[in-house]
Protein chains: 4
Amino acid sequence: MPTQEIHDQINSRLEALYRRHRGEPEGEVVRYYPPEMKERRELFAVSLCAIDAGEFYHAGDSDFTFPLQSISKIFAYGLALEDNGREKVLERVGVEPSGDAFNSITFDERRNRPHNPMVNAGALVTTDLVAGRDSDEQLERILEKLRIYAGNPELTIDESILDPDAQSTDRNRAISYLMRSFGMISDNIEENLTLYGRQCSVHVTADELSLMAATLANGGVNPKTGERALDRRYVRDVLSVMHTCGMYDAAGQWAYEVGLPAKSGVSGGILAVIPGKLGLGVFSPGLDSYGNSVRGVRVCREISERLGLHIFANEAEDLLLQTTDPAE
Amino acid sequence: MPTQEIHDQINSRLEALYRRHRGEPEGEVVRYYPPEMKERRELFAVSLCAIDAGEFYHAGDSDFTFPLQSISKIFAYGLALEDNGREKVLERVGVEPSGDAFNSITFDERRNRPHNPMVNAGALVTTDLVAGRDSDEQLERILEKLRIYAGNPELTIDESILDPDAQSTDRNRAISYLMRSFGMISDNIEENLTLYGRQCSVHVTADELSLMAATLANGGVNPKTGERALDRRYVRDVLSVMHTCGMYDAAGQWAYEVGLPAKSGVSGGILAVIPGKLGLGVFSPGLDSYGNSVRGVRVCREISERLGLHIFANEAEDLLLQTTDPAE
Amino acid sequence: MPTQEIHDQINSRLEALYRRHRGEPEGEVVRYYPPEMKERRELFAVSLCAIDAGEFYHAGDSDFTFPLQSISKIFAYGLALEDNGREKVLERVGVEPSGDAFNSITFDERRNRPHNPMVNAGALVTTDLVAGRDSDEQLERILEKLRIYAGNPELTIDESILDPDAQSTDRNRAISYLMRSFGMISDNIEENLTLYGRQCSVHVTADELSLMAATLANGGVNPKTGERALDRRYVRDVLSVMHTCGMYDAAGQWAYEVGLPAKSGVSGGILAVIPGKLGLGVFSPGLDSYGNSVRGVRVCREISERLGLHIFANEAEDLLLQTTDPAE
Amino acid sequence: MPTQEIHDQINSRLEALYRRHRGEPEGEVVRYYPPEMKERRELFAVSLCAIDAGEFYHAGDSDFTFPLQSISKIFAYGLALEDNGREKVLERVGVEPSGDAFNSITFDERRNRPHNPMVNAGALVTTDLVAGRDSDEQLERILEKLRIYAGNPELTIDESILDPDAQSTDRNRAISYLMRSFGMISDNIEENLTLYGRQCSVHVTADELSLMAATLANGGVNPKTGERALDRRYVRDVLSVMHTCGMYDAAGQWAYEVGLPAKSGVSGGILAVIPGKLGLGVFSPGLDSYGNSVRGVRVCREISERLGLHIFANEAEDLLLQTTDPAE
């Protein structure tokens, strides 16, 4: 555990990083989700969680809660692996990046399954694979997991954002019935859609997001509580699909530039994992054309570069702890 | 450097691995390239090269030479990065897995460029990006690089396998003219096709392949000769595209199961990199439906699992050096 | 009206045609719908209805009833035109052959509408466009129309073949929700699917089918009853979409070889129109890979050739009424 | 043959039609081909040729010559049918509208052939099918045919518009090599491209265009010269593909609204056939988003409606010869 002095120093460096990115032009923002979030465009939070002691380093609105949205897909995938084993899950959902958008209606026709668990089709099958007598029990089991990852037994769904009749739900509904016509998913489409909607609506703060990331970085054990959230043997599977498919159809660009397993959500959150070291949680609502947070991508790229966190990096370009910051 | 005893022990373990996979059923073999290679289906070589001393551990036909084919794409990409810088290369070739086959005629329409340098379209642009007054000089510069990677100044093209009128060349020709109509590639299509064909026809042994891999694992410096083959800063770029796009449209499955940056060629070779540790070169001509070597994929999967080499692995399932082999 | 002698002569010629095609090899049959129909593969009916007197010439099982299936699409399209006018219907459903299968999930993205009213997507919107306070009234209005076309006030739905949970319904459901997500169709998806399923399940005989065709051939007036089934100005619209899109993705081949506006159904029926002259109804359950009746296509081709009915024909190759039949 | 009085009356009516459309807003014009043609946007010609005596009725710039471009495809198709027979041609080129743009790189995969002879892929194969010892003889035979259709032995190529390196040629080159890789086309790609380019560059006037149309309307015999341009039995084949595929990806809309077999070219010409009656030739360079002449489509639609020429029309809405024109 770092001394108070080092802790303060890191926090002050992160604060500087935060301020630099907070003020940057919003030129690339394509949209906000939900559109009302445009009124809150100033929102911005960066949180790092070190796995040695579950210590947080954060800046900005790290207490603001937002829905996980697609970030929830990775946790449901881990639970589906625990419930069914790797082989059975692979039969039902592939692990291949498809080059298509998250709401694509194309499938892996060779194997009659969605391309991967990070596109909506694959996430719907993943949720369907979570064990439970009914969707209430499935939801309870998902929530329970999310609470362990986040170290927050109060983690809950914000029902106010649920809208089963919305346009995006209709697309997921279409995807579901298409999959049912192919025999890819169970019969109870409507319940599964509701369950999936609820899973996506669980609210977290950026700090909770970084702790969830740190839990994955820590081999599946929450570094703050010591509770196991994910069977050790499936951590690498979750990180692998995050790495190749986690950032929508910009996943390759992210793997190239940032080089960390990560998952973004349309609510503006990004969770990134530095295995054995850190969890990273970022939130800022302005989205680029791929659906990833504009400031989130930028700040992650800078952190990865400065700390040399790219999984294939030879060295850090800079060190977060070095005393002078050339950019200021 | 390991003692002779340890060296012998590793070699004997590798020999056991080789024998196990050599005898396995060929049920999944879809085709051989060229078809005549079917007569040589017994060919099989595994070679490991440790970066500390450029020491080889190998089994099987590790002296048999075969053309690099698509494996050459990664070295040309590294050279193009050195010649043009990251930014300019990214403008011309993306880094996104496309979900399409290697000979796809689709492009990144948003950015008017091929999806990535591992599909043929992207590889043709990459070769086009290699500096040189003419294609002879470009070829000379590519050969020079390949020789440094392989530590073999005699490395050369086998002109006998070149067939500019073949069916696959016509497809590459079509891709090239399509790209020219989009302004994605230079005018000299035919010269570039010939150059690309020559680059693919450079012959190596499995030992050379593992040394080339070890050079990438060693930050771009050949561990045997000490010569630098690739600027340190571009090593991570090459490894990144290998990781997300290197194994044709089974890249995601490979990243999930094997978890190593790798590149395969239709001649049956696979090059895999364990950064900071090892280079791996495998050769066996029977191909699966994706165009990857059937035995090559299996043996790499086993090595990755036993040695715990998956980039997101928590631990090895087994150790190559442990004295008893439960599978025997 | 022909004399009894001529009438008999035509019937005897048609009988010969029927016998020739009845016995032909079934080599091209790909499937039967429903599969049980394979037990009834001998079923075969040909019916001609001349518009001057609504006189029937028929051979085979011309009294056997079968569901209209996709043939119903043309009558619903006519009704939608009457209810909404050409312009409003064109805003909602295009008239462009798409080259895709009948159950395609692609759309005319330029205009945010299904490609044409003969693919399922377009047919679902067409049914949605039929006026009525509720789906019961819509159904009643569709049935009423079909009865006028067929000259049979008893025409009805065979509820036994309705199966709302079937695989094909799931695909139509997926198409519907996808269209709802694009704003292409009304909210009441499930009711519309049920309505569409009922419309497809109306049962007719081959004689009724030829009378329905004759009604279109006669400018929209049933030649037997004198009742108007379709506003004169929309007859050409219905015939036009039949001509370019009526025979699934073999429509172009049909327009080339047979050259008549026609519509087929997966139940094995084909309705073809010779404007100003004849209606043609054929039924035989064996289907080719496009979903068209194998014997149906062949017999229509022969009738068109012998009678010179191709809309761009210069002359008949033969005449049905000529006394000797060289093929016998 | 009409009396001079009737002739003058028709001409004066056509002149009125011409003036109405000449002055209409150009709002829908998307582009001009070649772009320089924008300077000549006033160009506009309408020509009707009656088959009874090869009599012309025309208005506007009916002497201005422009290249046939894609209109040449229909004549080459007719010649390929004569040279090879229907069956052999169908093996090599389908007759199915594809829903794709004219320069599409998709093919009929079931039958390993281009979708139809009106898309560039199909037109390139069609030209390849024209008999001749070499491409010079093929060109001579195509030219000879075109001269018979147009009744002008001087009809020739404007070499000045040929540009073998242009962007569109590169796309055709790509399509050709792709087809060669599939075994769809002969080896001599470059010669065939040059031949095809020359065929497209034959220049005609609107009067010649309407005479070419009248030749097709007259069963293949030029009504002015009495020379046969096309074997009677293939006239219906040419008209059939024109009807379903002739107007690019707006062919269905045209068949619905205008209802005449027709072919347009990117130079702004449209040729339409009223079998047994008239040939129609229109020219105006402003193009819509499909590549069809904006004024050309409008004037054809009006002529079809007023004269009741739609192949499925019940009656004319108006008659060209009626003495008062309500629109003026």
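The model is predicted, so local features need pLDDT of at least 70 and side-chain atom pairs count only at pLDDT 80 or more, while totals for chains, interfaces and linings use all residues. Residues are numbered from 1 along each chain as its sequence is written, chains are lettered from A in the order in which they are written, and side-chain values use heavy atoms, with hydrogens and water left out.

Let's start where chain A meets chain B. Counting contact as heavy atoms within 4.5 Å, chain A brings 41 residues and chain B brings 40 residues. The size of an interface is often given as the accessible area lost when the parts come together. Here the buried area (accessible area, 1.4 Å probe, that two parts lose on being put together, summed over both) is about 3400 Å², with carbon and sulfur atoms giving 52% of it. Look for A:Arg236, A:Tyr256 and A:Phe312: these supply 27% of the area that chain A buries against chain B, more than any other three residues.

What about the polar side of this contact? Between chain A and chain B there are 19 residue pairs in polar contact, both residues being at pLDDT 80 or more. A polar contact is a pair of N or O atoms within 3.5 Å; within protein, one must be able to donate a hydrogen and the other to accept it, and residues adjacent in sequence count only if both atoms are side-chain atoms. On chain A, the elements giving two or more residues to the side that touches chain B are helix 2 (72-84), helix 3 (86-92), helix 9 (232-245) and helix 10 (251-257). Helices here are DSSP runs (H or I, at least four residues), numbered from the N terminus. Helix 9 of chain A gives the largest share, 9 residues. By class, this side of chain A has 18 nonpolar, 11 polar and 12 charged residues; nonpolar takes in Ala, Val, Leu, Ile, Met, Phe, Trp, Tyr, Cys and Pro, charged is Asp, Glu, Lys and Arg, and polar is the others, Gly among them.

The salt bridges (a side-chain nitrogen of Lys or Arg within 4 Å of a carboxyl oxygen of Asp or Glu) between chain A and chain B number 2. In one of these, B:Asp249 pairs with A:Arg110, with the closest N and O atoms 3.4 Å apart.

Now for symmetry. A rotation of 180° with 0.0 Å of shift along its axis superposes chain A on chain B, at RMSD 0.0 Å, by least squares on the C-alpha atoms of residues with pLDDT of at least 70 in both. The same surface serves both copies, as 98% of the contact residues of chain A recur in chain B.

Over all chains, the structure holds 72 salt bridges. Inside chain B, B:Glu82 pairs with B:Lys145 at 2.8 Å between the closest N and O atoms. B:Glu82 lies in helix 2 and B:Lys145 in helix 5 (residues 135-150) of chain B, so the pair ties together parts 63 residues apart in sequence. B:Glu82 is partly exposed at 27% relative accessible area, whereas B:Lys145, at 15%, counts as buried; buried means under 20%, exposed over 50% and partly exposed in between (1.4 Å probe, protein chains only).
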